[in-house]
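Please open the structure in your viewer and keep the sequence panel beside it. This tour goes from stop to stop, telling you what to select next and what you will find there.

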Amino acid sequence: MTRERPPAPCRLVVLDFDGTLADSFPWFCSVINGVADRYRFRRIAEDEVEALRALGAREIVAHLGVPLWKLPAIARHMHGLAARDIDGLRLFPGVPDALTALAGRGLRLAILSSNTEANVRRVLGSDLAGLVEAYACGASLFGKARRLSALIRRCGVAPKEVLSVGDEIRDAEAARAAGCAFGAVAWGYTRADALAATGPDHLFEEPGQIARLLAGTPVLA
């Protein structure tokens, strides 16, 4: 589903990683309560997962009672766990073909992620990682807007020539702050209805829709 208007000319596609390219939510659910025990915040009960998937990052942090000062240490610990378990993380079906198609029509690709560049490259594999022109990894939980604006400047394009693609409300907020279009994906961490409520320029239901949109082919509702 998208808004009923043609896309603006696009030169750069900025992609989130976890939940957008990589199917890491099951892994996240498998480790988060161990992290909660280590850093002394609330565990997540199985029956509250769906409700939390409708919230933004700040609301989730508040709900779990995580002090903001602990976030950097928690992020570093999560990165280490991801590196430990990296061989079990996979890209979503359709992602390799979508990245190849986008690069094949001359679009520049970048990745903006809270994960580490080493983890991202490992999951992508050398061929797909080589299609990505720029990496802005290790962004803080609430630092994506600043990192996105800096990435756009580094790539030398205007915000109106950028499509940012992500699966969380904070990705939508970052795109809005940077002045670029936002494409929400329906297969990630945040529920599609919650992302739709942010008013994205596009709501993608499978990875191939991204490439078809930017090739000028209408995206099916």
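Begin by selecting leucine 124, which is found in helix 6, the helix that covers residues 117-129. What you have on screen is a predicted model, so treat each stop as a description of that prediction. Is leucine 124 buried or exposed? Its relative accessibility is 6%, and because buried means under 20% relative accessible area, leucine 124 counts as buried. Now display its surroundings: if residues up to four places away in sequence are not counted, leucine 124 touches Leu21, Leu91, Leu99, Ile111, Ala129, Val132 and Tyr135.

Next, go to leucine 71, whose place is in helix 4, the helix made of residues 71-84. Leucine 71 is buried, with a relative accessible area of 17%. Which residues are in contact with leucine 71, leaving aside its neighbours within four places in sequence? They are Val61, Val66, Leu141 and Phe142. If you then draw a distance from the C-alpha atom of leucine 71 to that of tyrosine 39, you will read a separation of 9.6 Å for two residues that are 32 residues apart along the chain.

Helix 1 and helix 4 pack at an angle of about 135°, with their axes 11 Å apart. To see where they meet, show the side chains of Trp27, Phe28, Val31, Val35, Arg38 and Tyr39 in helix 1, which meet Ala73, Ile74, His77, Met78, Leu81, Ala82 and Arg84 in helix 4.

From helix 1, move along to arginine 40, which is found in the loop between helix 1 (25-39) and helix 2 (49-52). Most residues other than glycine have a negative phi. Arginine 40, however, has a positive phi of about 60° although it is not a glycine. Arginine 40 is also exposed, with a relative accessible area of 73%.

A further stop is isoleucine 60, which lies in helix 3, residues 57-64. Isoleucine 60 is partly exposed, with a relative accessible area of 25%. When neighbours within four places in sequence are left aside, isoleucine 60 is in contact with Leu52 and Leu55. Select histidine 79 as well, and you will find that isoleucine 60 and histidine 79 are 19 residues apart in sequence and 19 Å apart in space, C-alpha to C-alpha.

Now turn to another pair of helices, helix 7 (residues 144-155) and helix 8 (residues 169-178), which pack at an angle of about 50° with their axes 8 Å apart. Helix 7 and helix 8 are therefore oblique to each other, and helix 7 passes helix 8 in a right-handed crossing.

The cysteines come next. How many disulfides does the structure hold? The structure holds zero. Cysteine 137 is in no disulfide, and the nearest cysteine sulfur, that of cysteine 155, is 12 Å away, whereas a disulfide is defined as a pair of cysteine sulfur atoms within 2.5 Å. Cysteine 180 is likewise in no disulfide, with the nearest cysteine sulfur, that of cysteine 10, 9.3 Å away. Cysteine 137 is buried at a relative accessible area of 16%, and cysteine 180 counts as buried at 9% relative accessibility.

Finally, colour the chain by pLDDT, the predictor's confidence in each residue. The chain averages a pLDDT of 92, and 94% of the residues score at least 70. Over residues 1-6 the pLDDT is below 50, and this stretch has 13 contacts in the model beyond near neighbours in sequence. Over residues 217-221 the pLDDT is also below 50, and beyond near neighbours in sequence that stretch has seven contacts in the model.

Technical notes:
Residues are numbered from 1 along each chain as its sequence is written. This is a predicted model: local features need pLDDT of at least 70, side-chain atom pairs count only at pLDDT 80 or more; totals for chains, interfaces and linings use all residues. Side-chain values use heavy atoms; hydrogens and water are left out. Buried means under 20% relative accessible area, exposed over 50%, partly exposed in between (1.4 Å probe, protein chains only). pLDDT is the predictor's confidence in each residue, from 0 to 100. Contact means heavy atoms within 4.5 Å. Helices (H or I, at least four residues) and strands (E, at least two) are DSSP runs, numbered from the N terminus. Axes are lines fitted to C-alpha atoms, for helices over the stretch in contact, and angles run from 0 to 180 degrees between N-to-C directions. Angles under 35 degrees count as roughly parallel, over 145 as roughly antiparallel, 65 to 115 as roughly perpendicular and the rest as oblique. A crossing is left-handed if the near helix is turned anticlockwise from the far one by less than a right angle, and right-handed if clockwise.
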